[in-house]
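I opened this notebook to keep track of what I looked up, one entry at a time.

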Amino acid sequence: MSNVDLAARIPNNVDLDHDPRLQRALEKWLPDYLSWWQAMGPQGWQARDVYLRTAVSVDADGWARFGHVKMPDYRWGVLLADPVPARTIGFGDHLGRPLWQEVPGEYRNLLRRLIVTQADTEPASVEQQRRLGDTAPSLYDLRNLFQVNVEEGRHLWAMVYLLHRYFGRDGREEAEALLARRSGDPDRPRILGAFNAPVEDWLSYFMFTMFTDRDGKYQLLALSQSGFDPLARTCRFMLTEEAHHMFVGETGVGRVVQRTAELLQEAPGRDVRERGGIPLDTIQKYVNSWYSISLDLFGGEVSTNASDFFASGLKGRAKEPDYEDHVALGATYTVRRPTASGGDGRLVAEEVPLRNAMNEVLRDEYVEDNQRGVDRWNRTLERAGLAFRLRLPARPFHRAIGIYAGRHYSPEGEPVDEAAWEARRDEWLPSASDRAHVADLMRAVHEPGRMAGWIAPPSRGVDGKPLDFDYVRVT
Ligand code: BYC
Ligand code: FE
Ligand code: FE
């Protein structure tokens, strides 16, 4: 099963050549995908050679091949992880029953919605990042941007395969619609909030890959547990690629922190802005912004959708096998919700049925994972002898989805009224002048091995190559 047919027009390990109808359908979608990629993918770089890894197998060792390719020639393939022997449905009402290899009729709409929502984020992120190539701080970073972009394209392929293979005509229509929506377009926006937010500078890009791609990691972990086996296997392989996206984010922000720390050490007390760096409090505001937008991606704290996804066996918890109780009936979960409407927003603990709190359970794991990254950034500050520490804002801060939406909270989680929010907003979220300063620093650096002045070099290159390797051939 794990043999990948690389000679095929669509590389795959799903025996596409034994299903001519499906193969024709996907081959018909391929040119539409390529037109979308040309129109909405990295602008101005399609003809350049980029040192990219391509997934060529699903074996843990040696699944990727590196080489210079032009992005439109990237081999976007359909790859499913090998089946897990003897796996059965691991949670919900069908616990212990055989996995579904075809769509269970009663859950068709629920499942399609999950797949379409996941799928929609992939091209959305490519659209959000399409102009960043103009201002990359180094060829190393430029290459990493394009690597992430082509892999998000492959993630779209992964989901479109499921839509075409398992959902007939509706699936084909959804696959077309995925190429028609546009990030940030008021008339046909992408489905989820964060995927309509502009990503205009590289600090935002690193925050996006740190926080928003990490939502991807947790949603994919939850879907990897799915009783619908093709979805589980697809997501399992996507996670292999996803790790690099978060590496780009965490080390990207880490290198900015490091550079700022160096500038502060060289000239204590001086404004790092004058020396071409990004102030720590600006970095904190970008954290506040992207972290809170990404928290929204987990959906409401109390959600009947989440309960349905879990009960049906379609979407589990990130580490479902680690729990003892896989049915989650009768159990409760404590959420801190604002006192009833008209109240002042103070939070009171409330017990809710565990199944309804599954979004929050997943968010808990996500928060912890982020904290580990923030702790690593703070170690850099500590080593530099600086007192400043970065931190994740409290969960109610700046939320648009769920029980905190429509109210205001400080980064410490204290309720604040409208006037206080307006007065302090620029302390908590990037202000126009913070954005202007960051925008001003965004200038492309194209000399191999050189870095822009606002970011430290990475500790090593890609695929064992030196830092001054020609990761992207600019001419
Ligand atoms: N923005 O019951 P509720 C990735 C909607 S990222 C706008 O509270 P539910 C990637 C919701 O749809 C991973 N709308 O939430 C990262 C519902 O609408 P309806 C993407 C939102 O349904 C970087 C209503 O509000 N994968 O891969 O339990 C680069 C009430 O919703 C939002 C997935 O998301 C929002 N933030 O949970 C590239 C996995 N949140 O039904 C890629 C699949 C909620 O009233 N999706 N709404 O019309 C899901 O599991 C669920 O749809 C969600 C929402 C967790 C997203
Ligand atoms: Fe993805
Ligand atoms: Fe990603």
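**Entry 1: R130**

Where does R130 lie? I found R130 in the loop between α2 and α3. I note here that I am working from a predicted model.

Next I checked its surroundings. R130 has 20 other C-beta atoms within 10 Å, and the cut-off for buried is 20 or more, so R130 counts as buried. I then listed its contacts, leaving aside neighbours within four places in sequence: they are M40, G41, P42 and Q43. I also took one distance to another part of the chain. R130 and W37 are 93 residues apart in sequence, and their C-alpha atoms are 10.0 Å apart in space.

**Entry 2: the whole protein**

I stepped back to the overall fold. I counted eleven helices and six strands in the protein. The radius of gyration is 23 Å, close to the 23 Å that the globule rule gives for 475 residues, so the protein is as compact as a globular protein of that length. Along the principal axes, I read a span of about 65 × 60 × 40 Å for the C-alpha trace.

For burial, I noted that 46% of the 475 residues count as buried. I also looked at how far along the chain the contacts reach. Among contacts between residues at least 6 apart in sequence, 69% join residues at least 24 apart.

**Entry 3: ligand 1**

Which residues are closest to ligand 1? I wrote down G216, G299, G300, S303 and N305 as the closest, out of 25 residues that surround the ligand.

I sorted this shell by class: six residues are nonpolar, 13 are polar and six are charged. Then I asked which helices take part. α2 (108-128), α5 (202-224) and α8 (304-311) each supply at least two residues of the shell. α2 gives the most, with six residues.

**Entry 4: helix α5**

I found a bend of about 35° in α5 at F208. As for cover, 22 of the 23 residues of α5 are buried, so I put the helix down as mostly covered.

**Entry 5: G249**

F208 turned up again when I looked at G249. Leaving out residues up to four places away in sequence, G249 touches F206, F208, T209, M210 and D213. G249 itself sits in helix α6 (residues 229-266).

Is G249 buried or exposed? I counted 24 other C-beta atoms within 10 Å of G249, and the residue is buried. I took a distance from G249 to T304 as well: they are 55 residues apart in sequence and 32 Å apart in space, C-alpha to C-alpha.

**Entry 6: helix α7**

α7 has 16 residues and reaches 22 Å from its first C-alpha to its last, close to the 22 Å expected at 1.5 Å a residue. I noted α7 as mostly covered, with 14 of its 16 residues buried.

**Entry 7: L163**

I looked up L163 and found it in helix α3 (residues 139-166). L163 has 24 C-beta neighbours inside 10 Å and counts as buried. Its contacts, leaving aside neighbours within four places in sequence, are I115, G171, E174 and A175.

Last, I looked at backbone angles. Most residues other than glycine have a negative phi, so I wrote down two exceptions.

What is phi of A86 near? I read a value near 65°, which is positive in a residue other than glycine. A86 is found in the loop between β2 (64-70) and α2. With 5 other C-beta atoms within 10 Å, A86 is exposed.

The other entry is D463, with a positive phi of about 55° although it is not a glycine. I placed D463 in the segment after α11 (432-441). D463 has 14 C-beta neighbours inside 10 Å and counts as partly exposed.

Terms used
Residues are numbered from 1 along each chain as its sequence is written. Chains are lettered from A and ligands numbered from 1 in the order in which they are written. This is a predicted model: local features need pLDDT of at least 70, side-chain atom pairs count only at pLDDT 80 or more; totals for chains, interfaces and linings use all residues. A residue is near a molecule or strand if its C-beta atom, placed from the backbone, lies within 6 Å of it. Helices (H or I, at least four residues) and strands (E, at least two) are DSSP runs, numbered from the N terminus. Ala, Val, Leu, Ile, Met, Phe, Trp, Tyr, Cys and Pro count as nonpolar, Asp, Glu, Lys and Arg as charged, and the others, Gly among them, as polar. The radius of gyration is taken over C-alpha atoms; the globule rule is 2.2 Å times the number of residues to the power 0.38. A residue is buried if 20 or more other C-beta atoms lie within 10 Å of its own, exposed if 12 or fewer, and partly exposed in between; C-beta atoms are placed from the backbone. Two residues are in contact if their C-beta atoms, placed from the backbone, lie within 7 Å. The bend at a residue is the angle between axes fitted to the seven residues ending there and the seven starting there. The expected span of a helix is 1.5 Å times one less than its number of residues.
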